[in-house]
Amino acid sequence: MMLRRLAGGLAWLAISAVPAFAADPEVLYRGATLIDVEHGLGRSHIAILTRGDRIEAVGPALAPPAGATVVDVDGLYVTPGLVNSHEHLATPPNRPYAEAMMRRDLYGGITTVRDMADDLRQLADIARASRVGEIPGPDLYYAALMAGPEFFEDPRTHAVTQGDVAGQTPWMQAVTETTDMPLAVARAAGTGATAIKIYADLPADLVAKITAEAHRQGLKVWAHAAVFPASPAEVLDAGVDTVSHTCMLAYQASETMPRAYHHRAGVEEAKFATGVDPAVGRLFERIHDKGVVLDATLWVYAEMSRDYAADPKGPAPYCSEALAARLTHAAWQAGDILSTGTDGFSPASDPWPALDAEMALLQDEAHIPAADVLRAATVGGALATGQTDIGTIEPGKLANLVFTREDPLRDVRAFRSVVLTVKRGQDYWRRDFRPVTAAEAKGAE
């Protein structure tokens, strides 16, 4: 009898412990000018209704449902959440710094980041923490890296595989002709990665084999524009989804393709003295025809130029900032899909993320209209990450929104006037932003 009563009591406790979930909250953001990023147009006095983490409705005359919270955003401009399509948050792993950069990104309007290979042990954890709201930060989508064995002499690969062997971990794999490709890709997928990053020191046939197997297993393929010795044309022939670093495309005009990433001369800039070399021009046409996303990363070329100017005894950049901007402009003219990646972070003392500078470079140096830069930072970013529920403001998409005081269609520097970022339906007011502290930045710069 006692056992029967005890069992019944435990059953009651199990049932009563199931939480009663409240209905998803509804919020009406009313009065902003909505920026239609697909067409480069503004629509004034628009209301956006969100339910939980999704957009429920968008229109000029929406009445708030009973019980909904109303947020007055009259006079502000609203765009989809921004995407930084090239960051490295854990090379080397430094949890306080990574969380600080994520916080700064989010309060600066960035709701999604494409992380281009790191120590995925740490990255997976901070991605989960951000996704469930334990820490403020963008959603992270990340890649596991594959390269030829020679690349794993790079000290960065040892920093992100500490405690293991560089080239032999699921997130940093050395690939050769004898690699069991289905197993290698499956190991990479097991890290939580949504893509394979093809980095360096691989011939064309292996780039193609990796790409085919990754696609067969449902992963995207994000590649350097030149993989050495695989040329840019061979990378595109492999069927990759995105290519990074505009200036790497210029190697298509070189007399000899460098054999390896760490053994390469600079691009032959003299061939671009009077315009875009025809071989590279044909690449832009192929990028357009194949629907490949070009992750331009002008910011990193500007950084290399500044570093070299400060220390001319250091390594010379493989490509000038000016040529990178000219080639990116040519890509835009060809109709290529661009995304906005930085491949680095602005100084910790800067209250704004490096993506602001990347957008300004695209606008001012590559001479791309503000509307098209904004499209690259939203629609292009969604395509680069492979996510279909971000990039635009429409019912069913994630409630990722950025409200600014200034009009981003006039100047992309408007994102330095962010008032409010909404990520997955959660408000992050700029007034609550906590700047990066010295302790968080320690050892990272």
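**Close-up views of a predicted model**

View 1. Serine 254 sits in the loop between strand 13 (242-244) and helix 8 (278-290). Its relative accessibility is 13%, so serine 254 counts as buried. The cut-off for buried is under 20%. Leaving aside neighbours within four places in sequence, serine 254 is in contact with Glu268 and Lys271.

**View 2. Helix 5 crosses helix 6.** Helix 5 covers residues 181-189, and helix 6 covers residues 204-216. Their axes come within 9 Å. The crossing angle is roughly 60°. Helix 5 and helix 6 are therefore oblique to each other. The crossing of the two helices is right-handed. On the helix 5 side, the contact is made by Met181, Pro182 and Val185. Helix 6 contributes Leu206, Lys209, Ile210, Glu213, Ala214 and Arg216. Of the residues in this contact, six are nonpolar and three are charged. None is polar.

**View 3. The aromatic pair of tyrosine 97 and phenylalanine 345.** The model holds eleven aromatic pairs. In the one formed by tyrosine 97 and phenylalanine 345, the ring centres are 5.9 Å apart. Tyrosine 97 lies in helix 2 (residues 95-107). Phenylalanine 345 lies in the loop between strand 15 (337-339) and helix 11 (354-364). The two residues are 248 residues apart in sequence, so the pair ties together parts that are separated by that distance along the chain. Tyrosine 97 has 11% relative accessibility and counts as buried. Phenylalanine 345 is buried as well, with a relative accessible area of 19%.

**View 4. The aromatic pair of tyrosine 107 and tyrosine 428.** The ring centres of tyrosine 107 and tyrosine 428 are 5.7 Å apart. Their planes stand at 90°, so this pair is edge-to-face. Tyrosine 107 belongs to helix 2. Tyrosine 428 belongs to strand 18 (residues 426-429). The pair links distant parts of the chain, 321 residues apart. Tyrosine 107 is buried at 10% relative accessibility. Tyrosine 428 is buried at 13%.

**View 5. A cluster of aromatic rings.**

Notes:
Residues numbered from 1 in each chain as written. Predicted model: local features only at pLDDT ≥ 70, side-chain atom pairs only at ≥ 80, totals over all residues. Heavy atoms only, no water. Axes fitted to C-alpha atoms, helices over the stretch in contact; angles between N-to-C directions. Helix = DSSP H or I, 4+ residues; strand = E, 2+ residues; numbered from the N terminus. Parallel < 35°, antiparallel > 145°, perpendicular 65-115°, else oblique. Left-handed = near helix turned anticlockwise from the far one by under 90°. Contact = heavy atoms within 4.5 Å. Nonpolar A, V, L, I, M, F, W, Y, C, P; charged D, E, K, R; others polar. Phe/Tyr/Trp six-rings, centres within 6.5 Å; stacked < 30°, edge-to-face > 60°. Buried < 20%, exposed > 50% of the residue type's maximum accessible area, 1.4 Å probe, protein only.
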